[in-house]
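Welcome! Please take a moment to look over the sequence and the 3D structure shown here before reading on.

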Amino acid sequence: MCCVTDLLSGLNNQQEEAVLHSDGPAVVLAGAGSGKTKVLTTRAAFLIMEKQLQPDNILLMTFTNKAAQEMSDRVKKLTGFHLPYSGTFHRICATMLRRNGKAIGLEPNYVIYDTQDQDALIKQIYKDHDFDHKKFNRNGVKAAISNAKNQMLSATSYKDQAANDFQEHSARVYKLYEHHLQKNQAVDFDDLLLKTVRLFQQNSSILKRYQSQFLHVLVDEYQDTNKAQYELTQLLGKPQNNVYVVGDFSQSIYAWRGADYRNLNYLENDFDGISKYKLEQNYRSTQTILDAATQVISNNTGHPVLKLWTEHESQDLITVLETKDNEDEARTVIDEILTSLRDYKHQDIAILYRVNAQSRAFEEAFMRRGIAYQIVGGFKFYERKEVKDALSYLRLILNPEDEVSKNRALKLGKRRYIKFSTWRDKQLQLNPLEALEGSLKASDYLGKYNKEDPQDLARIENIQELLNVAAKFQDLATFLENIALVQDKYLADISDQNQQSSITLMSFHAAKGLEFPVVFMVGMEEGLLPHSRSLYDTKQLEEERRLCYVGITRAKNKLYLSYAKRRWQYGQSSPALKSRFLNEINSKLMIKKGEPIDSHQTPKRRLIIEDDVLDSVLSGDIDLDAFLKS
């Protein structure tokens, strides 16, 4: 255990001011790499050592088990005490419901349904009531129910707000879904938050007991909170009003799952006299990287922006890589990685992408060059379920006696299999692209997915990438053989020892909270980053810009930004335009391999095709060449 003087000795002036905050509500705006975790844990330690609080009088909530464990360990190291109420929102709420759930009809031995349990329950509801999955996609309905719960809407309230047939259907399923959960004494993850809020709203004595216990409420990553999490903070933080939240508007990238960065502002309405602190000194990146990040995020007008600075002395410029197409981008990036490995280790280097399907080209290039890699937060491309599903149809075209592929195809639906088989039996000779397009259309495989669901959209994008690969082969057997060789790592000999030291591939979303000495941000094009679905929506475009900001600020020493002049889409090579975010960075901060940076010009026309034309392309209703020329 250290004394208070030692506790504050490692803090800069802004951090110390935030830690020494007196009683009352406070918001700490903490920029990327500014030491927010250090401030939050030191604040908790300060309350124990200086304010003489008991550890169980402090509630410390965050979003991941890893972050919660790290903060708990730090506090124990500083004070010698364990924080019994330090954890994720969901874990804290689960504990409260175990102890008090009977007050709202929930037994202590309730079970928590995970995603697979939810899928099974909704599938059973569809079967029992003869609902049409093709008309009302189950995954879309599940997402709608989750969004409703994140907005704290009951099935009845959601029905009252329904604006179309899909929402009315979702409301009906929502009601049936809730009935089954209650019957089974089960809750889903959204319920852990929602039911805890309702527990407190309906039982003032239980709420007062927790309010009197938690004299200080500390919350990390507040920009990622949804409505239910905001309500929990408000309820538990009163009447003492000792709410202390840390967050950064510019790093709010989870709107698609209900997060609302405006919660940082809403606190001012609920807690009078709230104090504000800023952490702007960055301990991670070079000033060049920070300036680029600030220049990009400053184009957002919907929230405040911190101006980050550092004492880091490096003056390395950001390297921009212009490449011909997807494959050339992968080769060029790997060439740069091999150069970087002279000064850095494999684990120091990360490739970040907006769309998971982008990993495919890099995976194959790594395999061919014998470089170990790992994908964080997901499966390798050819191990993804939707890719394996599509490949099972292709294998059955080549070999109708393939029992493994037949069993997989049957699990996707007997009707789909019959339609596919009928179509297959009429075909004579198909190249890989024709075979894939035809089997997807015949089986209506894409009908499984809802394009409004981000997870389903990622699956569709993986299928699109498979179409791109198929277009590069003329023979189906050769195409499938190549994939098998890639899957079995036959194209390169990578030992287990090398796997322990590998290049990291991950999405921008998965990279949040991490840092790497060398970062490659790939696919910096209109339609990828920013994503095509955000281009005409101001709020979504600002979220994409925050995503770009998060990516840039993952880099410690060196940052590379790459884009392709043409990109394969739906099995066709289409012109691509570099991202507007590149144009928002001062050219003096960047160096382009072999030639100067292009003059800045905001893109006026989007050349990458939107996702929602996929069905028309596959069906032949749209001629792709004519579409591109229009």
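The model is predicted, so local features need pLDDT of at least 70 and side-chain atom pairs count only at pLDDT 80 or more, while totals for chains, interfaces and linings use all residues. Residues are numbered from 1 along each chain as its sequence is written, and side-chain values use heavy atoms, with hydrogens and water left out. Helices (H or I, at least four residues) and strands (E, at least two) are DSSP runs, numbered from the N terminus.

**The six-stranded sheet**

- Six strands make an open sheet with parallel pairing, in the order β3-β2-β6-β7-β1-β8; two strands pair if DSSP finds at least two bridges between them.
- At its edges are β3 (86-88) and β8 (275-279), each of which pairs on one side only.
- Direction ignored, neighbouring strands here are turned by 15 degrees against each other on average; axes are lines fitted to C-alpha atoms, for helices over the stretch in contact, and angles run from 0 to 180 degrees between N-to-C directions.
- Within this sheet, β1 (residues 26-30) and β7 (residues 243-247) are joined in the parallel sense over four bridges, and L29 stands opposite G247 in β7.
- Helix α4 (residues 65-79) lies across β2 (58-62) and β3, at about 170 degrees to β3.
- Helix α5 (residues 89-100) also packs on the sheet and touches β2, β3 and β6 (216-219), where contact means heavy atoms within 4.5 Å. The direction of α5 makes about 105 degrees with that of β3.

**The seven-stranded sheet**

- Another open sheet, with parallel pairing, has seven strands in the order β11-β12-β10-β13-β14-β9-β17.
- Its edge strands, β11 (373-375) and β17 (590-592), each pair on one side only.
- Strand β9 (residues 318-323) pairs with β17 in the parallel sense over three bridges, and the bridge partner of I318 in β17 is M590.
- Helix α25 (residues 538-552) packs on this sheet, touching β10 (349-353), β13 (516-521) and β14 (555-564), and its direction makes about 140 degrees with that of β13.

**The second largest pocket**

- The second largest pocket holds about 370 Å³ of space. On a 1 Å grid over the protein atoms alone, a pocket is an open set of points where a 1.4 Å probe fits, with protein on both sides within 12 Å along at least five of seven lines. Grid points are joined across faces, edges and corners, and a volume is the space filled by probe spheres set on the points.
- Its lining has 17 residues, and those closest to the centre are I104, E178, Q182, K195 and R198; lining residues have an atom within 4 Å of a point.
- Two or more lining residues come from each of α9 (165-183) and α10 (189-202), with α9 giving the largest share, six residues.
- The lining divides into six nonpolar, six polar and five charged residues. Ala, Val, Leu, Ile, Met, Phe, Trp, Tyr, Cys and Pro count as nonpolar, Asp, Glu, Lys and Arg as charged, and the others, Gly among them, as polar.

**Aromatic rings**

- The whole structure has 20 aromatic pairs; rings of Phe, Tyr and Trp (its six-membered ring) pair if their centres lie within 6.5 Å, and planes under 30 degrees apart count as stacked, over 60 as edge-to-face and the rest as tilted.
- The pair of F136 and F166 is tilted, because the ring planes are at 40 degrees, with the centres 6.5 Å apart.
- This pair links distant parts of the chain, 30 residues apart: F136 is in the loop between α6 (115-129) and α7 (138-150), and F166 is in helix α9.

- Most residues other than glycine have a negative phi, and most peptide bonds are trans.
- K238 and P239 are joined by a cis peptide bond, with omega of about 5 degrees; P239 is in the loop between α12 (227-237) and β7.
- L529 and P530 are likewise joined by a cis peptide bond, with omega of about 5 degrees; P530 is in the loop between β13 and α25.
- M152 is not a glycine, yet has a positive phi of about 60 degrees; M152 is in the loop between α7 and α8 (155-161).
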